Amino acid sequence: MPIRRHRSAKAAAMLLTLWVPAAFAHVQPSEAGGLLTGLQHPLSGVDHVLAMVAVGLWGAQLGAPAIWVLPVAFPLIMALGGMLGFLGLPIPGVEIGIAASAVVLGAAVAFELRPPLVVAALVVGVFAIFHGHAHGAELPPGQSAMLYSMGFVIATGCLHAVGIGIGTVHRWTWGRQLLRGAGAVVTAGGAFFMCKALA
C-alpha cells in the first residue's frame, strides 16, 4: 500500500512539473504581472483588508448558509464593480463607500447583527461594488485586465477565508467576545479611513 502511494505521489509530481511550464508558456510578462498585481492590490490598503476580513467574520457569526453566501457574493459583485472601474464609469464617493463598508461590517460583527440572509447579502454586495471599482480603476497600464481581475478576486477570497477561520471561535463564549472586539477594531479602522476620505 505505501509503495502504491509513493508511486502515485511521484506520478503526480511529474505531471505537475510538465503542466506548470505548459500552463505559463503563452503568458506574456505583462499578463503575469497583471495576475500578481491583482493578487497584491487588495492587500495594499488596510481599509480593503479590514472590510474583506469582516465579511468572513460576519459570515462565520451568522453560520450556514451565510458563511459561504457572503464570501461568494462579495467577489462576484466586486468583479462587476471592477468592470465599471475598467470602463472608466464613475461612481461617486468610492473612498467613502470603502470606509463605510469597514464601519458597517465591523459594527455588524461587533453587535452580532442577524438580519435575513437576503439583507446581509445585499449589504455586502453594495459595498463590494465600491471595492471592485477602486480595484478596476487602478489597473496598471499594459497589464491584462482579466488576469488582474482574477488576482484581486482570488486575494479577496483568501481574505474572506481568513475572516471565516478566525470566526470559527464563535462557538465558544470567549470566542464570541473576541469577535465582538474584532468587529469594534474594524469599525474604528473604518471610522479613521472615513475621516481621511472626508478630509
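Helices here are DSSP runs of H or I, at least four residues long, numbered from the N terminus. The model is predicted. Its protein chain has eight helices and zero strands. Read along the sequence, the pattern is α-α-α-α-α-α-α-α.

Buried residues account for 42% of the 199 residues in the protein chain. The chain exposes about 10700 Å². Carbon and sulfur atoms supply 76% of that area.

The largest nonpolar core has 38 residues. Trp58, Leu70, Phe74, Leu105 and Val124 have the most contacts inside this core. Helix 3, helix 4, helix 5, helix 6, helix 7 and helix 8 each supply at least two of its residues. Helix 3 gives the most, with nine residues.

Helix 3 covers residues 46-62 and includes Gln61. Gln61 counts as buried because its relative accessible area is 4%, below the 20% cut-off. Residues up to four places away in sequence aside, Gln61 touches Ala108, Val109, Glu112, Arg114, His170 and Leu179.

Helix 4 spans residues 66-86. Its 21 residues should span 30 Å at 1.5 Å a residue. Buried positions in helix 4 are Ala66, Val69, Leu70, Pro71, Ala73, Phe74, Pro75, Met78, Gly81, Gly82 and Gly85. These buried residues pack against helix 3, helix 6 and helix 7. Phe74 has contacts with Met52, Val55, Val124, Phe127, Ala128, His131, Thr156 and His160, leaving aside neighbours within four places in sequence. Just after helix 4, Gly88 takes a positive phi of about 75°.

Helix 8 covers residues 173-198. At 1.5 Å a residue, its 26 residues should span 38 Å. The end C-alpha atoms lie 38 Å apart, which agrees. Within helix 8, Gly175, Leu179, Gly183, Val186, Thr187, Gly189, Gly190, Phe193 and Met194 are buried. The buried residues of this helix pack against helix 3, helix 5 and helix 7. Leu179, one of the buried residues of helix 8, is also among the residues that Gln61 touches.

The structure holds four aromatic pairs. One of them joins Trp172 and Trp174. This pair is stacked, at 5.7 Å centre to centre and 5° between the planes. Trp172 counts as partly exposed because its relative accessibility is 41%. Trp174, at 52%, counts as exposed, since the cut-off for that class is over 50%. The rings of Phe192 and Phe193 have their centres 5.2 Å apart. Their planes meet at 75°, so this pair is edge-to-face. Phe192 has 51% relative accessibility and therefore counts as exposed. Phe193 has 18% and therefore counts as buried.

Phe86, Tyr148 and Phe152 form one aromatic cluster. A charge also sits over one of the rings. The charged end of Arg171 is placed over the ring of Trp172, 5.0 Å from its centre.

Definitions and conventions
Residues numbered from 1 in each chain as written. Predicted model: local features only at pLDDT ≥ 70, side-chain atom pairs only at ≥ 80, totals over all residues. Heavy atoms only, no water. Buried < 20%, exposed > 50% of the residue type's maximum accessible area, 1.4 Å probe, protein only. Contact = heavy atoms within 4.5 Å. Core = buried A, V, L, I, M, F, W, Y, C linked by side-chain atoms within 4.5 Å. Expected span 1.5 Å × (residues − 1). Phe/Tyr/Trp six-rings, centres within 6.5 Å; stacked < 30°, edge-to-face > 60°. Lys NZ or Arg CZ within 6 Å of the ring centre and 35° of its normal. Areas by Shrake-Rupley, 256 points an atom, 1.4 Å probe, with all protein chains shown as cover.
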